[in-house]
Amino acid sequence: MKRGLGHRVRELRVTLWTLIVPPSVWAAHFLFCYLWVAVSCAKTGGFERFPIAFVIGTLGALAIIAASGAIAWAQAKTPGDPPPHDEGTDIDRTRFLAKSTLLLAALSFVGVLFTAAPALMLTDCR
Amino acid sequence: MSLHAQDDPALREAQEDRLRAVWKPPEGLFLRWTDTNNNRVGVWYVLTAFGFMLFAGVLALIMRAQLAAPGNDLVNASTFNQLFTLHGSMMMFLFAVPMFEAVSIILLPQLLGARDLPFPRLSAFGYWSFLIGGVFVAGSIFFDAAPDGGWFMYPPFTTRTDLSGLGADIWMLGLSFIEVSSVAAAVELIVGVLKCRPPGMRLNLMPLYAWYILVVAVMILFAFPPLIAGDLLFEMERLLGWPFFDAAKGGDPILWQHLFWIFGHPEVYIVFLPSIALFAMLIPTFAQRPLVGYPWIVLAAVGTAFLSFGLWVHHMFATGLPKISLAFFSAASEAVAIPTAVQIFAFIATLWAGRVVWSTPLLYAVGSVAIFVIGGLTGVMVAIAPFDWQAHDTYFIVAHLHYVLIGGTLLPLFGGLYYYWPLITGKKLSDRIGRTAFWVLFAGANLTFFPMHLSGLMGMPRRVFTYPAELGIGNLNLASTVGSYLFAFGVLLVCVDLALSPRRAKSPRNPWNAGTLEWLAHPDDEDWGIRSVPLIESRYPIWEQKDFVQKVDEGRFFLPDAEEGRRETIVTSVIDARPVQVLRLGAPSAVPMMTAIALGSVFILTTYHLYTLALVGAAATLALVLYWLWTGTAEIPEKEEKPIGHGMVMPLYISGGSATGWWAMFITMLADATAFSGLVFGYYFFWTVRPEFPPTGPGFDGPGVLWPMVALALTAASWGATVAARETHARGGVGTARILLAFGVVASLAAIPAGLAGPWLSGMAPKLHVYPAIVWTLAIWTVAHSGVGAIAQGYALARSIAGRMTPRYDADVRNVTVFMHFMLFTAVVTYLTIGLFPEAS
C-alpha cells in the first residue's frame with residue numbers, strides 16, 4: 001500500500017509550475033495577512049486576534065507547502081542509478097526539479113511561520 | 001546529412017562560407033548601426049551602460065568634494081540635489097539594470113549554443129531606446145534641468161509644479177521610456193532561456209547563469225510595471241492636475257511610495273542576482289570542478305525572487321503604517337537572508353572542494369563577497385523596524401546600500417569583465433593592472449563607505465548639501481572623500497587596462513580552461529555564434545563530453561549550414577529541450593532604430609508639453625510597429641520543413657503555445673496586466689485610506705452601472721468573436737473567421753465610447769477629487785486597450801486577406817487571441833470595479 005502511494009506520487013508530472021507552488025503559497029499568505037491588517041486597521045482601527053480565516057489560512061498554507069514538499073521528497077528519492085544525479089536523463093531532470101521544489105518548500109514553510117509570528121505577538125494597530 | 005558527410009573538408013568549407021555570408025554584418029557609415037546580431041548590439045549596450053556608469057561616478061565625486069569639509073560651497077544646494085538624484089537614478093536605471101541586460105544579450109546565446117536570441121531586432125530596439133532615453137535624462141544636468149527629488153521622487157514636492165521644475169518630468173518620462181526597453185529585454189531573455197536552448201539541455205543541465213537570468217527577467221515583469229503605473233499617475237498629476245498624490249483632494253502621497261518600492265526593492269535583487277550569476281560561472285572554472293549544490297542555487301535564485309516582493313514596506317518603516325504591517329515586512333526581510341546566504345555557502349563549498357586557481361576574476365569575486373556580506377549584515381540590522389527608525393535617512397543607510405551595490409553588483413561586474421574579456425575580444429586583460437586595481441578599489445570602497453556608518457549614527461542626514469563643523473563629522477567625511485577618489489583611481493586603472501587591450505596579443509581559445517558552452521567562442525571570432533548547435537548531455541560539456549569542441553567546430557552537430565541563406569536557430573521545448581522548430585531570425589534592419597526614435601519622440605515631446613508633435617510621434621510609432629510586424633514576423637516559409645542533421649527534420653513554422661512569438665505575447669501581456677493591477681491597487685488603496693470612498697456630495701456622482709456593463713458586454717463579445725475566429729480558422733473556415741474578426745474590430749471600437757460614457761455622462765471632473773481621477777484613469781487604460789485590440793484584430797484580418805495567414809500558418813490570430821484574453825481580464829476588473837464597487841460599498 002505504502003509502496004503503491006510512493007509510486008503514484010512519483011508518477012505525478014513535474015514542471016516549472018509545480019516548482020513555484022510553495023513560494024506562491026507563501027506569497028498568497030503574505031498578501032492575505034498584509035491586506036487583512038491594512039484594511040482592518042484603516043477601517044476599524046483594530047484587528048481581531050486570531051480570526052478563523054487567519055488561523056485556517058495559515059494552517060492551510062503550511063499544509064499545502066508541506067504536502068508539496070512531501071511529494072517532492074518522494075520524487076527526489078526516485079530509485080535508480082547512483083548519485084550524483086546530474087545527467088541529461090528523464091529521471092535526473094525529475095529528481096532535480098523535485099529537489100529544488102523540496103528546498104523551496106522548506107524555505108516557504110519558514111517564510112509562512114515568519115509572517116504569522118507578528119500576529120501572535122502584536123495586539124493593536126499602533 | 002550523415003556524420004560521414006561532415007568528414008569532407010570541402011563541404012565544411014562551403015558550409016562555413018554560406019554561414020559567413022548570412023551572418024555578415026552590414027557595413028557603411030550608417031548601415032553598420034542597423035546590425036541586430038547579439039554580439040554587436042550587446043557590445044554597444046555594454047559600452048553605453050559603462051559610459052553612463054562613469055558619468056554617474058563623476059557626479060558622485062563632485063558630491064564627495066562638496067562634502068569634504070563642513071560648510072563647503074563648491075556647489076549650491078540646488079545643484080547638489082540634482083547631483084544625488086541623477087547619480088542614484090543613473091546608477092540604477094542606466095547602469096545596473098541595462099548592464100545586466102547587455103551582458104546577457106552577449107552571453108546568453110553563447111551559453112545556450114544558439115546562433116542568436118529569438119528576437120534580435122527587439123534587442124536592437126531595446127538598445128536604441130536605452131541610448132536615447134539615457135542621453136535625454138543624463139544630459140539634463142548640463143541645462144540645470146536635472147531631476148532633483150531623489151531617485152525615488154517622492155511627492156508631494158515633486159508633483160507640485162510650483163515646487164519642482166522640468167526635472168521631474170524628465171525623470172518620469174525619460175525613465176518610463178527606458179523601463180519599456182527593460183521589459184523588452186525581459187521578454188527576449190525569458191523566451192531565450194526557455195525556448196532557445198540546444199537539444200538535450202534539459203532544465204537540470206542549464207548553466208546557472210541562465211537560471212538566474214530567467215528568474216531576474218521574470219522579476220522585471222512583475223517589478224517594473226507597477227512603477228510604470230505610478231509614472232502614469234504621477235505625470236497625470238503634473239501635466240493635467242489629477243490629484244492622485246494630493247491629500248487635500250483625497251489623494252495620498254503614500255500610494256507613490258508603495259508603487260515605487262514594489263518596484264524598488266525587487267530592483268535591488270534584479271541588479272544583484274545577475275552579478276552573483278557571474279560567480280556561478282567563474283567559480284567552478286577556477287575551482288576546476290562542478291559547482292556544489294546546483295539545486296540549492298536554484299532554490300536561492302527562485303526563493304530570493306519571491307521573497308523580494310514581500311520587502312517593499314521596509315523602505316517605509318518611518319511612514320506611520322501600523323506596526324503589525326511593518327512586522328510582516330520585517331519578517332520577510334529577515335527571511336530573505338536565508339536564500340542569499342545559501343548561495344554564498346555553495347560558492348565557498350565549491351572553492352573548498354576544488355583545486356583553486358587564484359586568478360584575477362576570482363580575486364574580484366571573493367573580495368566582492370566580503371564587501372557584500374558587510375552590506376548584508378547592516379541590511380539585517382535595518383530590517384528591524386526600531387533600529388531603522390534611528391538610522392532612517394542617515395548616512396548609515398548610504399553606507400549600507402553602497403556596500404550592497406558595490407559588493408553585489410559593481411565589483412562582480414568587474415570580475416566578470418576580467419573573466420569574459422577574452423570571450424569578447426580574444427585577449428586577456430593584464431593580471432598585474434587588474435590585481436592592483438582590485439586592491440585600490442577594495443581599499444577605496446571601504447575607506448569611502450565604512451566611515452559613513454559612523455557619520456550616519458552620529459546624525460548626518462542624507463541628501464543635505466553640507467553640514468556644520470559642530471556635528472563633529474568633518475574627519476569622517478574627509479576620509480570618505482579621500483576614499484571615493486581612491487576608488488575612482490581604481491576604476492581609472494581598469495579603464496587603462498581596457499584601453500591597452502588592442503595592443504595585446506590574442507590569447508589561446510578557452511584561456512581559463514572552463515567547462516561551459518560559451519567558451520567554444522574562438523579568439524578569431526565569427527559572427528555566426530556557433531558553428532553547429534550541439535547535443536548537450538552534461539552541465540560542463542567541454543570538460544565532460546568526448547571530443548566536444550572538435551565536433552562543434554566540424555559541424556557534426558545540428559544545423560551546420562545555411563542552405564537557404566537565412567539566419568536560423570533551433571527552438572526547443574521548455575522542460576526537456578527537445579527540438580521543435582528551426583526559427584528564422586530577423587536580419588539587420590533600420591526599423592528597430594527608427595521605431596525607438598519615434599517612440600522616444602513621444603516621451604521627449606510630452607516632457608516639453610508639445611502634445612501635437614507627440615501625437616505625430618505616436619502615429620509614426622504605430623505605423624513603424626505595424627510595418628515591422630507585417631514584414632518581419634510570422635513569415636510563411638518557402639517549404640514546410642528542413643533537415644538539421646542526424647536525420648532530424650524540423651518545421652520552419654509553428655504557432656500557438658510552443659512558438660516563440662506566442663510566448664513573447666504572453667509575457668508582454670503579463671507585464672501589461674501587472675501595470676494594470678498597479679492602477680487597480682490605487683483605486684482600492686484610496687478606498688482603504690479614505691473614510692468615505694467613493695465620496696458623496698454634489699459633483700461626486702459615479703459612472704453608474706449601465707455604461708460600464710455595456711462596455712464590458714462589448715469587450716466580451718469582441719473576445720468571443722476572436723476566440724471563435726481562431727477555432728473556425730484552424731478548421732479551415734477562413735471566410736467565417738474573417739467575418740468574426742471584422743465583428744471583433746467593430747465590437748472593440750464600440751467598447752471605446754461605451755467605456756468612456758460612464759464617467760463622461762456623469763460629468764466626473766478628474767481635477768476635483770481623486771475618485772473621478774482614478775475612475776477616468778481605469779476607463780482610459782481599458783479603452784486604450786480596446787483600441788489596441790481593434791488594431792490587432794484588424795491586423796489579423798488584413799493578414800488573412802493578404803494571404804499571409806492561412807489555417808496552416810495561423811500565428812497571427814493565435815497571438816491576437818492571447819492579447820484578447822488579457823483584454824477581457826482588464827475589462828472585467830475595470831468595469832466591475834468602477835461600475836459595481838460603488839454600489840457595494
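Helices and strands are taken here as DSSP runs, of at least four residues for helices and at least two for strands, numbered from the N terminus. The model is predicted.

**Exercise 1. Cis peptide bonds in chain B**

Task: Determine where B:Pro694 is placed in chain B, and state the geometry of the peptide bond from B:Phe693 to B:Pro694.

Solution. Step 1: B:Pro694 belongs to the loop between H20 and helix H21 (706-730) of chain B. Step 2: the bond from B:Phe693 to B:Pro694 has omega near 0 degrees and is cis. Step 3: a cis bond also links B:Pro155 to B:Pro156, with omega near 5 degrees. B:Pro156 sits in the loop between helix H4 (120-139) and helix H5 (166-195) of chain B. Step 4: as background, most peptide bonds are trans.

**Exercise 2. Packing of H20 and H24**

Solution. Step 1: the axes of helix H20 (residues 660-689) and helix H24 (residues 811-840), both of chain B, come within 10 Å and cross at roughly 10 degrees. Step 3: on H20(B) the contact includes B:Trp662, B:Met665, B:Phe666 and B:Asp672; on H24(B) it includes B:Arg814, B:Asn815, B:Phe819 and B:Phe822.

**Exercise 3. Positive phi values**

Task: Decide whether B:Asp393 and B:Ala634 are buried, partly exposed or exposed, and give the phi of B:Asp393 and of B:Ala634.

Solution. Step 1: most residues other than glycine have a negative phi. Step 2: phi is positive in B:Asp393, near 60 degrees, and in B:Ala634, near 45 degrees. Step 3: B:Asp393 lies in the loop between helix H12 (385-391) and helix H13 (395-425) of chain B, whereas B:Ala634 lies in the loop between helix H19 (611-632) and strand E3 (641-645) of chain B. Step 4: B:Asp393 has 14 C-beta neighbours inside 10 Å and so counts as partly exposed. B:Ala634 has 20 such neighbours inside 10 Å and so counts as buried.

**Exercise 4. Overall form of chain A**

Solution. Step 1: chain A contains five helices and zero strands, in the order α-α-α-α-α. Step 3: its C-alpha atoms fill a box of roughly 60 × 30 × 20 Å along the principal axes. Step 4: buried residues account for 36% of the 126 residues in chain A.

Note on methods: Residues numbered from 1 in each chain as written. Chains lettered and ligands numbered in written order. Predicted model: local features only at pLDDT ≥ 70, side-chain atom pairs only at ≥ 80, totals over all residues. Axes fitted to C-alpha atoms, helices over the stretch in contact; angles between N-to-C directions. Contact = placed C-beta atoms within 7 Å. Buried ≥ 20, exposed ≤ 12 C-beta atoms within 10 Å, placed from the backbone.
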